[in-house]
Amino acid sequence: MNFRIPFLAISLLVFASSCTKNAITGREQLLLVSDEELLQLSNQQYRSFLSENKVVSGSAAAAQISRVGTNISRAITDYAKKKGQTDLIKGYAWEFKLVEDKAINAWCMPGGKVVVYTGILPITQDDNGLAVVMGHEIAHAIAKHGNERMSQGLVQQMGGVALSVAIANKPGPTQDLFMNAYGIGTTVGGTLPFGRKQELEADRWGLIFAALAGYDPNAAVPFWERMAKATSGGSKPPEFLSTHPSDETRIQKVREYAKEAMQYRK
């Protein structure tokens with residue numbers, strides 16, 4: 001008996017019944033996990049991460065993370081209210097942390113839990129560069145990219161079961177799936193959790209969010225040029241074999257997005 005046919009049928013049924021148009025990007029997404037479930041899991045994993053890593057406080061860099069993050073979050077809140085899209089940040093309780101780690105990385109969990117690693121600060125250099133990074137990571141969360149990747153994983157690895165069932169039956173793999181979906185522990189120079197389309201969506205909306213907060217979106221081009229140099233040590237596959245844009249493509253697109261974002265700058 002061929003078991004692949006019923007599995008394919010179930011997968012297609014799950015996909016068709018769980019696709020939702022994203023209010024920000026306008027793109028259809030497979031979202032199997034509810035916002036409530038994701039926020040609860042996010043809070044648990046976030047607290048666990050903070051307890052296992054060194055959080056930097058009382059320094060100029062930590063103050064910078066808090067200042068830039070707060071400005072962006074306020075701008076997003078104002079934007080959502082004006083657009084009548086407050087559901088985008090429903091349940092968000094923003095937090096901004098700096099963590100001592102040499103990895104060139106930053107991430108944002110659902111609910112506005114943003115972590116920046118000290119390893120990326122030499123590349124961000126100033127508030128504008130930091131706003132590029134934080135806006136990008138926050139855009140991933142608001143565009144529900146992590147939920148999308150986790151939903152894909154639930155289908156591919158666990159047959160499309162509900163999150164509660166996955167946690168009950170396979171807590172370890174489910175936790176790993178969540179951590180991988182949000183890029184926690186991965187470096188920007190390594191394999192990213194998001195695909196090319198998601199990365200470019202985060203680039204575009206991240207610059208709009210940064211501009212709404214008063215930061216200069218044109219800082220994105222030199223930032224990504226510095227990022228390309230900082231991560232040029234390892235071999236990179238051709239773009240068509242990669243899950244994220246090549247440096248050249250990203251920088252070209254970022255130039256276009258920066259021009260658009262300038263229209264939103266206060």
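A salt bridge here is a side-chain nitrogen of Lys or Arg within 4 Å of a carboxyl oxygen of Asp or Glu. Keep that in mind for this talk.

Some ground rules. This is a predicted model, where local features need pLDDT of at least 70, side-chain atom pairs count only at pLDDT 80 or more, and totals for chains, interfaces and linings use all residues. Residues are numbered from 1 along each chain as its sequence is written, and side-chain values use heavy atoms, with hydrogens and water left out.

Now the overview. The protein has 11 helices and 6 strands. Those are DSSP runs, numbered from the N terminus: helices are H or I with at least four residues, strands are E with at least two. There are 266 residues, and 50% of them count as buried. Buried means under 20% relative accessible area, exposed means over 50%, and partly exposed is in between, with a 1.4 Å probe and protein chains only. The accessible surface is about 12800 Å². Carbon and sulfur atoms hold 53% of that surface. The areas come from the Shrake-Rupley method with a 1.4 Å probe.

Next, contacts, meaning heavy atoms within 4.5 Å. Take those between residues at least 6 apart in sequence: 72% join residues at least 24 apart.

Back to salt bridges. How many are there by this rule? The count is 11.

Start with Glu-199 and Arg-250. Their closest N and O atoms are 2.4 Å apart.

Lys-144 is partly exposed, at 21% relative accessible area. Asp-35 is partly exposed too, at 34%.

Glu-256 is partly exposed at 39%. Lys-253 is partly exposed at 25%. There is also a network: salt bridges with shared partners join Arg-27, Glu-148 and Glu-201.

Let's stay with helix 11 and look at packing. Two packed helices are described by the angle between their axes and the distance between the axes. Helix 10 (residues 220-230) and helix 11 (residues 247-261) pack at about 170°, with axes 9 Å apart. Axes are lines fitted to C-alpha atoms, for helices over the stretch in contact, and angles run from 0 to 180 degrees between N-to-C directions. The pair is therefore roughly antiparallel. That label is for angles over 145 degrees; under 35 is roughly parallel, 65 to 115 roughly perpendicular, and the rest oblique.

Which residues of helix 10 and helix 11 make the contact? Helix 10 brings Ala-220, Val-221, Trp-224, Glu-225 and Ala-228. Helix 11 brings Asp-247, Arg-250, Ile-251, Val-254 and Arg-255. By class, that is 6 nonpolar, no polar and 4 charged residues.

One last stop: Ser-73, in helix 3, residues 60-83. Ser-73 is buried, at 6% relative accessible area. Leaving aside neighbours within four places in sequence, Ser-73 contacts Trp-94 and Phe-96.

Note on methods: Ala, Val, Leu, Ile, Met, Phe, Trp, Tyr, Cys and Pro count as nonpolar, Asp, Glu, Lys and Arg as charged, and the others, Gly among them, as polar.
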